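Here is a short tour for anyone who likes to have the model open while reading.

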Amino acid sequence: MSAPRVIVVGDVLYDMVARVEGPLPLGADSFVRIRDAPGGSAANAAAWLASLGVEVHLVGRVGGDPIGEHLEAGLREAGVRVHLTRDPSLPTGRVFVLVDGSGERTMITDRGAGEALGPKDLPPGLFVPGSHLHLTGYLFSGGRRREAALEALRLARRAGMSVSVDPSSVTLLRSVGPEHFLRWTAGADLAFPNLPEGALLSGREEPEEVAAALLAHYRAVVLKLGPGGALYADREGRRERLPAPRVGRADATGAGDALCAGFLAARLRGKPPGEALREGIRLAARVVGRPGARGFRDDRGPC
């Protein structure tokens, strides 16, 4: 079987990660090591897909600056086929990531050039039969970014491609309205919400009920449950729920992106849902067990 071919559209960002043991001391000083790492939900998913042998094309927008050059070079080194527009008027997007002692992260984001991503940045020749399109929810925030997402969906459907979408953010869903997000992405073959996102989209709370309700909009759902693992459900009645392995000194940054990549790489190769779910959880656990969405230069992985 030939390698799967995936088109990923979304953010390419520069992360600055600070880990603080215990609760974040708001209003006081903290003295910790701040480390830089490649980031962006779309770029993370693309890098992990490439590490799993998938032919992956990443469409995005970076600034005409050294950070953009650095991130593009890293993605190429990871095996990603990049299609990045260089913006001469805006800097490459950056994220400050605060990780507390439990591994939960708070992200403060300046999308920079990524804010200007638009339909003209999509190479039409990428959208061909037999390929798969993966979109991150951040694209639907508004303006030209949303237009790019909707155009990518149109091109993919015209080519008969399969489609997956990761809602990405409760804050974003509340901002745009969950009912609008569901309308824009209705009919996707696969959705990857985490439990808070799924609860907001479905109006339910229990994982099984969330997944079942979302099947009215998507053909299949992978519900990310954090330390609780993940749940798979589809319209054919198949259900799988698997736990996550215990990981010490956790950092959840990028774990959801890795789970998407692990699941997609396996499923697009024809593996059954349960096996694909296991692969996604395994890769997510690998990410949680080390700092940064893709690790740092002294770590093994697609960084």
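Predicted model: local features only at pLDDT ≥ 70, side-chain atom pairs only at ≥ 80, totals over all residues.

Let us begin with helix α1, which spans residues 41-51, and helix α8, which spans residues 255-267. Their axes lie 8 Å apart and meet at an angle of about 40°. α1 and α8 are therefore oblique to each other, and the crossing they form is right-handed. On the α1 side, the contact is made by Ser41, Asn44, Ala45, Trp48 and Leu49. Facing them from α8 are Asp257, Ala258, Ala261, Leu264 and Ala265. Sorted by class, this contact of α1 with α8 has seven nonpolar, two polar and one charged residues.

Now turn to strand β4, residues 55-63, where you will find Arg61. Is Arg61 buried or exposed? Its relative accessibility is 12%, and because the cut-off for buried is under 20%, Arg61 counts as buried. The side chain of Arg61 makes polar contacts with the side chains of two aspartates, Asp87 and Asp121, as set out here:

| Side chain | Partner side chain | Polar contact |
|---|---|---|
| Arg61 | Asp87 | 3.1 Å |
| Arg61 | Asp121 | 2.8 Å |

Conventions:
Residues numbered from 1 in each chain as written. Heavy atoms only, no water. Axes fitted to C-alpha atoms, helices over the stretch in contact; angles between N-to-C directions. Helix = DSSP H or I, 4+ residues; strand = E, 2+ residues; numbered from the N terminus. Parallel < 35°, antiparallel > 145°, perpendicular 65-115°, else oblique. Left-handed = near helix turned anticlockwise from the far one by under 90°. Contact = heavy atoms within 4.5 Å. Nonpolar A, V, L, I, M, F, W, Y, C, P; charged D, E, K, R; others polar. Buried < 20%, exposed > 50% of the residue type's maximum accessible area, 1.4 Å probe, protein only. Polar contact = N/O pair within 3.5 Å; in protein donor to acceptor, adjacent residues only side chain to side chain.
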